[in-house]
Amino acid sequence: MAILSSSQSSTTIPPEVFSGNRAINVQLYEESNKKLGSQWEASRRLTNVGLNQKFYSIIKTRTLPVDLKSRFFTFTGAGVIARFYIGFTHVTLPTPDPVYSLRQGQPAFRDFDIYTIPVAPASLGTKWAADIFAEGNAAKQSKGSVGTSYGSGWIIEPNQEILLEIESLEAAQNISARLEMYNGLLDLPL
């Protein structure tokens, strides 16, 4: 019989696991996060946008970090460029945007907010991460894109504000954006 132990708990692994007669259930963090109610999503739709038109949102954390799992985009034209900034000029924040737990019946405590701001801050500050280039098919029969997740696992530290920018690469296209993120300690408890 094998025993794993730590200062917080002790777990016994049945010996049949090592001979192939029993199994240990292993799950990914995202599955655990969803079950614990600490995986969140938010979305935004922009219609009939102009060429090079830019749109801004802010993620503001408090005492817990946010693991920004992915940014998901669809668009009906040539595509978008998505950028991240820190150290931008302070703006008055409006009412927070809706954010939804992926376990609506038992959401965890949420310690961040997302805000849509109508105009760019006076200064964008400095780049926080690499640009996301999401470009679509230009053929008339299949113009635009099906939804795709871009990037993974950006960690936003506590008490930080990140400016998100979406720039349109074509006139008169529609853009849909979705964020998926985890909010909490960056390792599961034992």
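**Exercises on a predicted model: L102 and its chain**

At 29% relative accessibility, L102 counts as partly exposed, a class lying between buried (under 20% relative accessible area) and exposed (over 50%), with a 1.4 Å probe and protein chains only. The model is predicted, so local features need pLDDT of at least 70, side-chain atom pairs count only at pLDDT 80 or more, and totals for chains, interfaces and linings use all residues. Residues are numbered from 1 along each chain as its sequence is written, and side-chain values use heavy atoms, leaving out hydrogens and water.

**Exercise 1.** Locate L102 and identify its contacts.

*Solution.* Step one: L102 lies in the loop between strand 7 (100-101) and strand 8 (112-117); strands are DSSP runs of E with at least two residues, numbered from the N terminus. Step two: setting aside residues up to four places away in sequence, L102 touches K34, Q39, E41, R178 and E180, where contact means heavy atoms within 4.5 Å. Step three: for E41, the separation from L102 is 61 residues in sequence and 7.1 Å in space, C-alpha to C-alpha.

**Exercise 2.** Describe the overall form of the protein chain.

*Solution.* Step one: the protein chain has two helices and 14 strands; helices are DSSP runs of H or I with at least four residues. Step two: its radius of gyration is 21 Å, well over the 16 Å that the globule rule gives for 190 residues, so the chain is more spread out than a compact globule. The radius is taken over C-alpha atoms, and the rule is 2.2 Å times the number of residues to the power 0.38. Step three: along the principal axes, the C-alpha atoms fill a box of roughly 65 × 45 × 30 Å.
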